[in-house]
Amino acid sequence: MKMMETSLNVTVAVVVALLMLTCHGQEQRLLVPMTLVRNASALHAFCLDGSLPAYHIHRGFGAGKNNWLLQFEGGGWCNSLQSCLERAKTRRGSTSLMSKYEVFSGILSNNASLNPDFYNWNRVKLRYCDGASFTGDAKFQNETSLIYFRGQKIWEAIILDLLPKGLGSARKALLSGCSAGGLASFLHCDNFTNYLPKNASVKCLGDAGFFLDEKDISLKRTMRTFYTNLVSLQGVEQNLDTNCTSSLNTPQLCFFPQYALKFITTPFFILNSAYDTFQFHNILVPNSADPHGHWNRCKQDPAACDASQIETLQGFRRDMLLALRGFLKDSISGGMFINSCFAHCQSESQDTWFGVDSPRIHNKTIAEAVGDWYFSRRVSKEIDCAYPCDSTCHNLIPSTQVPAKNQSLLKGQSASLKLLQILGYLVAF
């Protein structure tokens with residue numbers, strides 16, 4: 001046993017050393033351990049595979065000790081029994097397979113120079129293991145398989161676990177998220193306020209979560225079909241905003257933020273790229289719409305796009321701005337930062353959140369825009385000029401793409417996060 005412990009310690013040390021090499025020249029990373037929600041089973045709150053839900057919490061201090069930032073983890077969705085069963089065997093569907101430590105950076109950083117407005121708040125990352133942006137409430141079982149669609153229950157279980165830990169007496173709170181987690185921020189924003197004191201300042205932020213109900217280049221609504229199947233499979237419709245669902249002939253569409261947005265009464269900030277790479281690759285040009293790969297070079301390098309492809313991309317941007325027009329014009333309490341970078345998720349990465357060369361609109365970083373909005377320092381509705389005018393962009397192009405149709409859509413990992421996942425496994429064992 002002692003030999004095993006020694007071998008484990010050496011292995012962990014090697015992984016940590018490798019991690020530090022990937023972070024050379026950067027601030028030391030903040031690693032936050034996982035907390036399982038032990039009482040979740042009483043609420044029938046389970047991940048796809050039946051494991052318990054979890055979160056990571058780093059406590060606030062000083063002036064921020066009574067303020068709370070909750071960040072939904074992203075990671076795509078599953079919309080069929082097959083894809084959800086496959087997902088249940090991965091870190092996207094089971095907390096037992098997840099990294100046991102998470103890097104807190106960007107909006108989750110505890111460094112005032114890297115996260116000036118929220119560094120000393122209680123910061124929580126909600127792990128994502130349901131495949132429906134924390135909204136489902138159903139179960140499938142046959143002779144050979146059992147799978148839980150309990151995202152709504154997971155959301156409730158985590159909140160109830162946090163309330164006695166200080167969330168219940170929060171003075172300020174921000175519900176945020178990235179990608180599928182950004183979508184969850186739209187879908188749970190108003191519900192979040194119901195748990196908090198009446199005099200608390202509660203607001204929400206959706207990062208890369210404004211997924212458009214857009215036709216692809218073959219004029220099919222690939223994403224609409226995907227979401228409709230997801231809502232049906234996972235029992236999501238009952239948890240969508242009733243004001244929204246009653247206003248549409250197809251209530252499942254309220255899973256799209258553009259239809260749900262006008263019914264959200266809590267102050268909201270929309271952070272999105274007008275050329276969001278996930279939407280570009282999976283909504284506008286999914287593989288099913290480009291079987292011969294005419295768009296492959298353009299997908300990997302915007303500079304390789306021809307004039308016709310650029311015009312198609314500009315049309316997607318125009319449609320996004322059109323979908324946001326009412327919010328831009330009418331929302332007094334809302335904020336936005338719509339830049340022209342080829343990226344997906346910009347709040348959790350330090351490089352894009354707040355740094356010397358971070359993306360800017362009108363010389364304002366994302367962190368400054370969000371802070372100005374949350375603390376009502378000034379109006380914060382920033383819209384970038386069209387590509388390729390923005391020289392501050394960090395264009396983050398994923399190396400491989402996963403088709404949207406009948407697949408479990410996953411967000412990529414950086415090298416350092418992959419090492420952290422290995423470290424999490426080692427600590428767990």
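Where is Thr 135 found? I looked and placed Thr 135 in the loop between strand E5 (122-126) and strand E6 (138-141). Helices (H or I, at least four residues) and strands (E, at least two) are DSSP runs, numbered from the N terminus.

I noted the ground rules next. This is a predicted model, where local features need pLDDT of at least 70 and side-chain atom pairs count only at pLDDT 80 or more, while totals for chains, interfaces and linings use all residues. Residues are numbered from 1 along each chain as its sequence is written, and side-chain values use heavy atoms, with hydrogens and water left out.

**Thr 135**

I checked its cover. Thr 135 has a relative accessible area of 2%, so it is buried (under 20% relative accessible area; exposed is over 50%, partly exposed in between; 1.4 Å probe, protein chains only). I then looked for its touching residues, leaving out those up to four places away in sequence. Among them are Asp 130, Gly 151, His 188 and Phe 255. A polar atom of the Thr 135 side chain lies 2.5 Å from the backbone oxygen of Ala 132.

**Helix H10**

I moved to helix H10 (residues 307-323), which has 17 residues. At its start, a side-chain oxygen of Asp 306 comes within 3.1 Å of the backbone nitrogen of Ser 308. I listed buried residues in H10, including Ile 310, Leu 313, Phe 316 and Met 320. The buried residues of H10 pack against helix H8 (277-284) and strand E11 (335-339), among others.

**Whole protein**

I counted 14 helices and 14 strands. Of the 429 residues, 55% are buried.

How values were computed
Expected span 1.5 Å × (residues − 1). Contact = heavy atoms within 4.5 Å. Polar contact = N/O pair within 3.5 Å; in protein donor to acceptor, adjacent residues only side chain to side chain.
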